[in-house]
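Thank you for making time for this today.

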Amino acid sequence: WVFISLNTNEGVQGVGEASLNGFALSTRATISELQQYFIGKSAFDVKEIRRAMLLSVYSDGGQIHRSATTAVETACWDIVGKALGRPLYQLWGGSVRDNIRTYANGWYRTERDPEAFSERAKYAVSLGYTALKVDPFGSVRGGFTKAEKELSLAIIRAIKDSIPETTDLFIEGHCRFDVPTAIEISYALGVIDVGWFEEPVAYWNIQGLTEVSQRSPVRIATGENLTKFSDFVDLTKHTRNLVLQPDVMNLGGIEEARLVCDLGEALQVPVAPHDAQGPISKAMCLQLAALSPAIIIQEDFELFNDPWTEHLSSALDRREGSISIPTTPGIGRTLNFDVISEHPYDENATLSLFTDGWEQREGL
């Protein structure tokens, strides 16, 4: 996780986040390289700062570039809200809800075995979650052997059998499959009755993703790796059997992410923002949830991260599988920089999704 703090001459502090798996030093360097576009500027000129960071260098640095921009944009909005004594969502038109339902992710840090996954699922449900997400596919890329396929489906069935019928189960694909395999799996998932099949093929393969979506009996969730609002426009031109998953950081900030939510609302396509990063990413997702009626559920890792992370930021109000929208000025969360300083950069703290045992999330 990469965090920043911006401070004004008046003594107002804003915090932001630029976390991107595998690129911590790169995003930190990008923030420094682009500092001429925000240091010395007014935080109230947040739109111009964001545009300058993205466009003035002319080059497109992809997710690294946008994560850096998001960190600064977020910190500026935090400053503006604190200066005005208002939560961010009130500056953008007010809230449509007081809380948002969450689904658990990261709960299956165990060996890849149906019984082990089943026991962990029971534990996640005991914490109050009414929805879970899981990648049961191991280190598969491309196609399956029959044994790999049967083990993956056995894990899904074991989870379904161990949780209440009213608990939703979403299946994560992590861009693992070729198009024919993804279609084949979608048919099996339709029989098992899951809520969605996420990232079944490479996110940049819009044509392949469209074909899977058109033929799948379950919703296809995607969008976390897209970096522009126009990517979502292209995605929705030929299929609506989707759940849109904007990632605030990969899109360069909440401004672009809100456009995706507005698109979902206009086209009647549900939205479930991606959030596999740290606590400030979660704060921005909660601001989006306050603003958009298109959002149906919010991803949540926090109860399954390493224990020290509980002390990293201000707590959220959790109850009955939901999180309350913070009402404090700014983005709604603060950071404990003393705890942050105790956990410096670790070159091994990168998650590889295509190695055996990645589910235990122990890093490289």
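Predicted model: local features only at pLDDT ≥ 70, side-chain atom pairs only at ≥ 80, totals over all residues.

Let me begin with Val 339, which at 11% relative accessibility counts as buried, and which lies in helix α12, made of residues 337-341. To give a sense of distance, Val 339 and Lys 146 are 193 residues apart in sequence, and their C-alpha atoms are 47 Å apart in space.

From there I would like to turn to the strands, starting with β4, residues 131-134, and β5, residues 168-172, which pair in the parallel sense over four bridges. Ala 131, for its part, stands opposite Asp 168 in β5.

How are the two faces of β4 covered? Ala 131 and Lys 133 lie on one side, Leu 132 and Val 134 lie on the other, and all of these residues are buried. Strand β5 is mostly covered as well, with four of its five residues buried.

On to the next strand, β6, which spans residues 196-198 and runs parallel to β5, the two being joined by two bridges. Here Ile 171 finds its bridge partner in Phe 197 of β6, and the chain crosses from β5 through helix α7, residues 179-192, to β6, again as a β-α-β crossover that is right-handed.

As background, most residues other than glycine have a negative phi. Cys 175, in the loop between β5 and α7, has a phi near 60°, which is a positive value in a residue other than glycine, and at 21% relative accessibility Cys 175 counts as partly exposed. Glu 199, in the loop between β6 and α8, likewise has a positive phi, near 45°, but Glu 199 is buried, at 1% relative accessibility. The side chain of Glu 199 also makes a polar contact, at 2.6 Å, with the side chain of Thr 222, a residue of strand β7, which covers residues 219-222. Thr 222 counts as buried too, with a relative accessibility of 2%.

Now to the charged pairs, where a search of the whole structure finds 22 salt bridges, and I will describe a few of them. Arg 101 forms one with Asp 168, the closest N and O atoms being 2.8 Å apart; because Arg 101 lies in strand β3 and Asp 168 in strand β5, the pair ties together parts that are 67 residues apart in sequence. Arg 101 is partly exposed at 27% relative accessibility, and Asp 168 is partly exposed at 30%.

Glu 184 and Lys 149 meet through their side chains in another salt bridge, at 2.6 Å from N to O. Glu 184 belongs to helix α7 and Lys 149 to helix α6, so this pair ties together parts that are 35 residues apart in sequence.

Asp 300 and Lys 282 are both buried, and salt bridges that share partners join Asp 275, Lys 282, Asp 300, Glu 302, Arg 318 and Arg 333 into one network.

Gly 93, in the loop between α4 and β3, is exposed, with a relative accessible area of 70%, and its C-alpha atom is separated by 25 Å from that of Arg 66, 27 residues apart along the chain.

Definitions and conventions: Residues numbered from 1 in each chain as written. Heavy atoms only, no water. Buried < 20%, exposed > 50% of the residue type's maximum accessible area, 1.4 Å probe, protein only. Pairing = 2+ DSSP bridges. Right-handed = clockwise from strand over helix to strand, strands pointing away. Polar contact = N/O pair within 3.5 Å; in protein donor to acceptor, adjacent residues only side chain to side chain. Salt bridge = Lys/Arg side-chain N within 4 Å of Asp/Glu carboxyl O.
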